Amino acid sequence: MTAVKYAINRIMPAKLKYRFFYAFILFVLVPLAGIQIYQFQKIENMIKYRISQLNHNQLEQIAQSFDEMKTTMIKAMLTLENDGNVLSVLQNPGQYGQAEREGMLEERFKSLQSVEHGSYMQYALNDVHNNRYRSYASEENGGPIIPDKGFDSLLNGSSSYRLLLSEAESAELWDRAPLFTLYSVVRSPNMEPIGTLRIRVDYQEWFKSVAKEMSTGQSYFIADSTGAVIARTKNGLPLQSGIVRELMAQTVDGGPAYHFDKTTNALINVRYLPSMEWYIFNQFPIDLFLGDLKEMQRQVLVTLYIMLGVFSAITLLISASVTRPLAQLQKKMSQMVKKNLNIHLPEEHYKGEVLALNQSFNRMVADIHHLVEQLKIEERQKEAIHSQMLLNQINPHFLLNTLNSIKWIAVDQKNDEIADICVALGKLLESGLNSELELIYLKDEIDLVKAYVYIQKYRYDQLFDIAYEVDPALDYALVPKLGLQTLVENAINHGFSQMESGGWIVIRAFAERKKLHMEVEDNGIGLERSKQSIIKRNRRGIGLANLRERYRLLFKNEAEVRLISLSQGTKVILSFPLLVSIPYSLEGAGHVDDSDR
């Protein structure tokens, strides 16, 4: 993580103006360029897909035309083989003159050539009497129209005709006859051979004609099962053998497949013809439809680069308009101490956020100047208060020394009560003088309460009794100093103010759920009568209010002071976090510890 942060800091410019420029280039313009290139590629791929779909539809039409032409050949064969006049001429040629026979068959050939795809078919008939009939001008030497091996295969085979669709078939029995040649043995009604029929299709001319009708600049090819091209349109570009084999491997059960050839910038589709084991290829030059896509992409990028330059210049100008006032502000801030805050930024030449920034700076300088003056005044006041506090500390120490003198006089005169009262009052005064300690041990707090109660019992002539229910394990729990003394004082002054005897106070301390709970319960006059007494005196007590404020400052929201009115008397509960300090002399280490008690 440190290495990455170091690398970023090395790359990032130091000046804010260049950071704006850098951020604009990196987070706005570069992503925009990437989005443009991505969108262009998406459009290009979408166009290629659409063209591929169109080309595939055209190949489907050509494949359908091939199947129709194949069906037309077979229909023509069946028509001739079942035509009564044709069978009569072939079986009994002597009943007709030569011209009559040739005219009858020529008329029949013309009718067959008038149907769809028929103009590309050539018909040849021979009878067993060596009479020949052609639908075209014949240059043959008068031999049989079916080779002997092929004729024997038709006579002895399960089928009476053969349609050549591959070079292997053509070479084996048919003396390398052209593809798309149909051979058939014509039989009489009693199944005796009476002639031979050959139908040839000039499929290359037919293919060029069909492709020309569909072409919008693309080229078409026909390849056999080995990948050899057996027909093509005149303007066909050469197909790479590797692409041909790849597309042939992708084609399954006549499904569509296409490939984009980057060398020729052409989209190539293929359609498999299962009935003939041929492949029809469509080669579509993308440039003819969209122009040069790469050139279009370069033009888009050049336009984008120009926009980058313009936006970069604008960014520098805008960032300079922002950073120039900031640089001036930085300069003024560095001069603040040297000029004793006598700094003022001009406001009349700016507007908007820069004006607000200058105004805020001027207000800040004025506020700081005012605060400095206030601090000087407060510092002089603190010095005066400190001097007064030092003076005030003389009186309590004088009082303690005086109490000590009275105690020894009482001891000399053997007046133990006065001596004990002086000792108890001395403890209370000494605790009040030690202002550095805010938390003391619970046992020390109980001792202070006992000292206070001793004085009050002497004052009120044993008006009340007090009991302590404190767990000894909590002796070293830390409690706020003089907290219990305040509650005991309230119980005596308010609870027993209208009683002559029989008062009692119970002080309890226990731990529960990591909190220390201290209770002071009395059997005095209660809260309601105590409030009425306070109203009559026309002076509010401040002991409990001060106690609540002390606990809030010491323990925040974790302390609680609750007053509970009883059937006779009042109970006050103090709750705050339990902190136990283990004395060094007992445990060997001094620290404050939480307790789970």
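Okay, Glu60 and Arg271: their side chains meet in a salt bridge, 2.7 Å from N to O. Keep in mind that this is a predicted model. Glu60 sits in helix H2 and Arg271 in strand E9, residues 266-273, so this pair ties together parts that are 211 residues apart in sequence. Glu60 is partly exposed, at 27% relative accessibility, while Arg271 counts as buried at 13%.

Arg271 also turns up among the residues that Trp278 touches, along with Phe66, Phe180 and Tyr203. That takes us to the core. Trp278 is one of the residues with the most contacts inside the largest nonpolar core, which has 44 residues. Helix H2, residues 16-82, gives the most to this core, with 9 residues. Apart from it lies another core, of 34 residues, including Ile440 and Phe576.

Back to charges. The whole structure has 10 salt bridges. Take Lys571 with Glu519, where the closest N and O atoms are 3.9 Å apart. Lys571 is in strand E17 and Glu519 in strand E15, so that pair ties together parts 52 residues apart in sequence. Both Lys571 and Glu519 are buried. Which residues join them in one network? Glu469, Arg508 and Glu521, through salt bridges that share partners. Within that set, Glu469 and Arg508 pair at 3.1 Å.

Last, the surface. There's a nonpolar patch made of Leu32, Val302, Ile306, Met307, Val310, Phe311 and Ile314, with about 570 Å² of accessible area together. Helix H10, residues 293-334, supplies the largest share, 6 residues. Val310, in that helix, is partly exposed, with a relative accessible area of 46%.

Conventions:
Residues numbered from 1 in each chain as written. Predicted model: local features only at pLDDT ≥ 70, side-chain atom pairs only at ≥ 80, totals over all residues. Heavy atoms only, no water. Core = buried A, V, L, I, M, F, W, Y, C linked by side-chain atoms within 4.5 Å. Buried < 20%, exposed > 50% of the residue type's maximum accessible area, 1.4 Å probe, protein only. Helix = DSSP H or I, 4+ residues; strand = E, 2+ residues; numbered from the N terminus. Contact = heavy atoms within 4.5 Å. Patch = residues over 30% accessible without salt bridge, like charges linked within 9 Å, V, L, I, M, F, W, Y side chains within 5 Å. Areas by Shrake-Rupley, 256 points an atom, 1.4 Å probe, with all protein chains shown as cover. Salt bridge = Lys/Arg side-chain N within 4 Å of Asp/Glu carboxyl O. Lists of a residue's contacts leave out its neighbours within four places in sequence.
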